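Hello,

Here is the structure you are taking over. Please look at the sequence and the model first, then read the notes below.

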Amino acid sequence: MLKGSIYWSHMNLEIHRSTKEENVFLDLIGDLDMAGAPILRQAIAQEVSQGNIFIVLNFSAVHFIDSSGLGSIIGGLRRVRSNHGDLFLIGVDVELKKIFRLCELDKIFLSLIHISEPTRRTPIS
């Protein structure tokens, strides 16, 4: 995707932002680890504070994720859902899907399996 401008950048993680309809796409590039997790948390918090509550995280360029990264995703999901929005995950490769399944996060993020690119504002129930 990588159409948007660099939104946040830290040593091992860059986040590029773009929009499509009323969805905000955050393309993650690099490692979502202890150093990158706070960057993602800040990006999601800023989007929600601006009224953007349908956020799509693109994982197609994520090479590594640890428990801090998983925590930032779960925290982001809570933040957007508490504002009546939703967080979608796209571009999740086979190895990352295994991690999500192992932690049973695939049950929370139904969009991991069912949605390739959201085009509507309605949350998944």
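Predicted model: local features only at pLDDT ≥ 70, side-chain atom pairs only at ≥ 80, totals over all residues.

Of the 125 residues of the protein chain, 45% count as buried. Buried means under 20% relative accessible area, exposed means over 50%, and partly exposed lies in between (1.4 Å probe, protein chains only). The accessible surface of the chain is about 6400 Å², and 52% of that belongs to carbon and sulfur atoms. Those areas come from the Shrake-Rupley method with a 1.4 Å probe; for residues, only the protein chains shown count as cover.

Residues are numbered from 1 along each chain as its sequence is written, and side-chain values use heavy atoms, with hydrogens and water left out.

Now the layout. The chain has four helices and five strands. Along the sequence they follow the pattern β-β-β-α-β-α-β-α-α. Helices (H or I, at least four residues) and strands (E, at least two) are DSSP runs, numbered from the N terminus.

E3 sits in two pairings. Two strands pair if DSSP finds at least two bridges between them. E2 and E3 run antiparallel and are joined by eight bridges. E3 is mostly covered, with eight of its 10 residues buried.

Next, the interior. A nonpolar core is a set of buried Ala, Val, Leu, Ile, Met, Phe, Trp, Tyr and Cys residues joined through side-chain atoms within 4.5 Å. The largest one holds 27 residues; Leu28, Leu57, Phe59, Ile73 and Leu87 touch the most other members. At least two residues of this core come from each of strand E2 (13-20), strand E3 (23-32), helix H1 (37-49), strand E4 (54-65), helix H2 (67-82), strand E5 (86-90) and helix H3 (94-102). Another core, of six residues, lies apart from it and includes Phe25, Phe54, Val56 and Phe88.

What does Leu57 contact, leaving aside its neighbours within four places in sequence? The residues are Leu26, Leu28, Leu40, Ile73, Leu87, Phe88, Leu89 and Ile90. Contact means heavy atoms within 4.5 Å. Among contacts in the chain between residues at least 6 apart in sequence, 64% join residues at least 24 apart.

Have a look at Asp33, in the loop between E3 and H1. Not counting residues up to four places away in sequence, Asp33 touches Asn12, Phe64, Asp66, Ser68 and Gly69.

Last, two loop residues. Most residues other than glycine have a negative phi. His84, in the loop between H2 and E5, has a positive phi of about 65 degrees. His84 is exposed, at 66% relative accessibility. Glu104 has a positive phi near 60 degrees. Glu104 lies in the loop between H3 and helix H4 (111-114) and is partly exposed, at 48%.

Best wishes
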